[in-house]
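Here are my notebook entries, written while I had the model open. Look along with me as you read.

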2 protein chains.
Amino acid sequence: MSIALTILGCHSATPRINAFPTSQYLAINNSHFLIDCGEGTQRQMRKYKVGFSKINHIFISHLHGDHFYGLVGLLATFGILNREKELHIYGPKGIKEVTLLQLKISQSHAHIKIIFHELFSKKSELIYEDEKVSVKTIPLNHRVYTNGYLFTEKEKSRKLHIENIRNYKEIDKADYLNIKAGRDIILSSGEVISNRELTIPPSKPLSFAFCSDTSYKPDIISIIENTDLLYHEATFLSDREDLAKKTKHSTTKQAAKIAKEANVNQLVLGHYSGRYKDISLFKKEAQEVFKNTELAEPGKVFSVK
Amino acid sequence: MSIALTILGCHSATPRINAFPTSQYLAINNSHFLIDCGEGTQRQMRKYKVGFSKINHIFISHLHGDHFYGLVGLLATFGILNREKELHIYGPKGIKEVTLLQLKISQSHAHIKIIFHELFSKKSELIYEDEKVSVKTIPLNHRVYTNGYLFTEKEKSRKLHIENIRNYKEIDKADYLNIKAGRDIILSSGEVISNRELTIPPSKPLSFAFCSDTSYKPDIISIIENTDLLYHEATFLSDREDLAKKTKHSTTKQAAKIAKEANVNQLVLGHYSGRYKDISLFKKEAQEVFKNTELAEPGKVFSVK
C-alpha cells in the first residue's frame, strides 16, 4: 500500500532552460499512471528513469500546450519502441482527433493501439478502475474544459485476526475464506462469533488528487476531502490574485485554503508562473494557511505509505 | 557577407537526455531562419540564445515527429509573447491543417499571424527570396515527402574601383550610380571606358544546403554544387548500409560522396541513430571520402565568411 508521485515538470506556460511544463508520474500499488504531458515529458521520463513500458494509462487535464504538447512525441516513441500493449488516454473531447491527425501525418507509427476516453461531463465521474485503484474526475474551472483527477486505492478486505480465531478451536482453516468475505461464524453450539471479532480492519485506502489548472473552486473540496496528497496549482503569489482571477488560475493562499478545508494531509504546489524567480516564496505564503505544504520540483518524489 | 549555422539538435528519432531532434538556426547576412523543429527546439533556442523575435521564416523538411513536433509549442510561445509580426512556415502539404488544429484546440494563441507555404512539387523550386537571400527546395527521397533547402546569398553588384576611376578626371561622382548599375562611361573625346575597368567584382555569394532526411540521392548534386557549407544527414555508419536503404536514410560515406561530387567546401554530418555511442566514428569514416567533414553537435556554430 503506497503512493509515489514523481514530478517530471511543474512550471506553467512555455518550457525554459530549467522550467519544464506539467507532467507527473504516479505509482500507486503496482499501477503506473502518467498525468499531463507537456513538451519534453519523454525526456524528463528518461532523466528520472520512468520506464516507458510501465505506462498504460495517461490522464490529460486539459488541452493547453503546456499540458499536452509532449503527448504525440511520446506516442511516436512508443511506436519506435514497437509497443504492443494497449494504451489508454483520458482527456477532453477533441484529444482523439488532434492526436490521430498528428500520428497519421507522420505515417510511421500508426500501429500502436490507443484507446481514447474523451471526457465532456461537468460532474465528477468514475473513469477508471482496476482491482486496486479507481480514478475519478475533479471538474475544474479554467479557460478551457479541464479536469483534475483523484486516484484512490480500493478499500481492501478485512484481515484475519489469527490470535482471536485461535480462541475457537472449532474454527478451521477451511473457514478462513468465509471470514475474509465478511461472514460471521456459527459454532456447533449455536453461538454466533461476529466477523468483527475475527478480523482486523484494513489500512485506510490512500489517495492522491491532482488539480491543475483552475481558479479557486471550493466545490472540489467534497471530492478531495481527506486526501493524503493533494497537488494543487498555484500559478501566482497572492500579490497577483487579480491576474489569477483573470486567467482562471490560483494563488498560493487559495490552493492552501482548499487543502485546509479539504483536510488533506499534504499539499504540493506547482505550475509557477515564469515571472517569479524565487519559488520558495510560494511555500512560505501557503504555509501561513496550511502548514504541511511542499513545492513541486522536477525529479522530486512525494511518497505516502 | 557571412553565414552562421547554429546546431540546436542533431539526433534522429526520439529525444533523449543528451540527444535532441533536428533543428538548426541559420543567420545569413541579416536574415534569420529556423530549419526543422523537433520536440524541445524552443528550449534549445533559449539555451543557445537564439532570439525568438528574429525568426520570421521556418522551414520544415518533412512531417516526421523528430523534425516538427516542437513547432506547435514554439508557435504557442510566440502567442504568449504577444508576437505581432507575420510568421512564414514552409513545409509539406498537410502542415497547415495539423498545426492549426492544435492551435485551435488550445484556444489561447490563435491570434498570431501565420502564413503557410505548403510544398508538394517533386522538382527544385524557388520558395523564398528577399534582397539578400534566396531559398530553393532540394527534393529528397525519404519515407514521406521531404525537401532539403538551399540558402544562397544574392549576387551583389560590382563595387567601384576608385583608384581606376581617379585616372579619369572627367568622371564625376554623379556618374557613380551609372557605374554601379553596370554601365560603361563615354568620355567627351568619344572614348568608351568599359565598366569592368571601373569596377571590382563582388565576392562570391555564400550558400548553405540542408539535406535531411534522405537516402543516397546523387541527383541533388546539380542543385547543391559548389555550396560552401553542406549539412547532410548520416543516420548510420557504413556497416548498416542495408538499414539505411530500408529506412531511406544515408550512411557517412554516402553523405561524404555527395559532398565530394558536389565539390562543397565543408560537410557537416548529423541525424545520428541512437544505436551509436561513439559519434566520432562518423567523422572518421566520412573523412576517408571527404576530408573537410565536421560533426553537428548541439550548440556548435559553423561559420562561413
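**Around α3(A).** I went to the residue after helix α3(A) and found N82(A), with a positive phi near 60 degrees. Helices here are DSSP runs of H or I with at least four residues, strands are runs of E with at least two, and both are numbered from the N terminus. The model is a predicted one, so I noted that local features need pLDDT of at least 70 and side-chain atom pairs pLDDT 80 or more, while totals for chains, interfaces and linings use all residues. Residues are numbered from 1 along each chain as its sequence is written, and chains are lettered from A and ligands numbered from 1 in the order in which they are written.

Next I checked how covered α3(A) is: eight of the 10 residues in 71-80 are buried. Buried is taken as 20 or more other C-beta atoms within 10 Å of a residue's own, exposed as 12 or fewer, and partly exposed as in between, with C-beta atoms placed from the backbone. Among the buried ones are L71(A), L74(A), L75(A) and F78(A). The cover includes α1, α2, β5, α4 and β6 of chain A, and also α2 (65-68) of chain B. Contact here means C-beta atoms, placed from the backbone, within 7 Å.

**Where the chains meet.** Chain A and chain B each give 31 residues to the contact. On the side of chain B, α1 (41-47), α3 (71-80) and α4 (95-106) are the elements that give two or more residues. That side divides into 12 nonpolar, 13 polar and six charged residues. For these classes, Ala, Val, Leu, Ile, Met, Phe, Trp, Tyr, Cys and Pro are nonpolar, Asp, Glu, Lys and Arg charged, and the others, Gly among them, polar.

**Chain A as a whole.** I counted on 11 helices and 18 strands, and 43% of the 305 residues are buried. The chain is divided into domain 1 (3-156 + 203-304) and domain 2 (159-200), with bounds from an automatic or database domain assignment. Their C-alpha centres lie 44 Å apart.

**Strand β2(A).** Which strands pair with β2(A)? β1(A) pairs antiparallel over six bridges, and β3(A) is joined antiparallel by five bridges. Pairing requires at least two DSSP bridges between the strands. I picked out two bridge partners: Y25(A) for T6(A) and F33(A) for L26(A). β2(A) and β3(A) make a hairpin with two residues between them, and N29(A) in the turn has a positive phi of about 55 degrees. Five of the six residues of β2(A) are buried.

**The sheet in chain B.** Seven strands form an open, mixed sheet in the order β7-β8-β9-β14-β15-β16-β17. Its edge strands are β7 (126-129) and β17 (293-295), each pairing on one side only. The twist from one strand to the next averages 20 degrees. Axes are lines fitted to C-alpha atoms, for helices over the stretch in contact, and angles run from 0 to 180 degrees between N-to-C directions. Helix α11 (280-287) of chain B lies across β16 and β17, at about 170 degrees to β17(B).

Methods. Contact = placed C-beta atoms within 7 Å.
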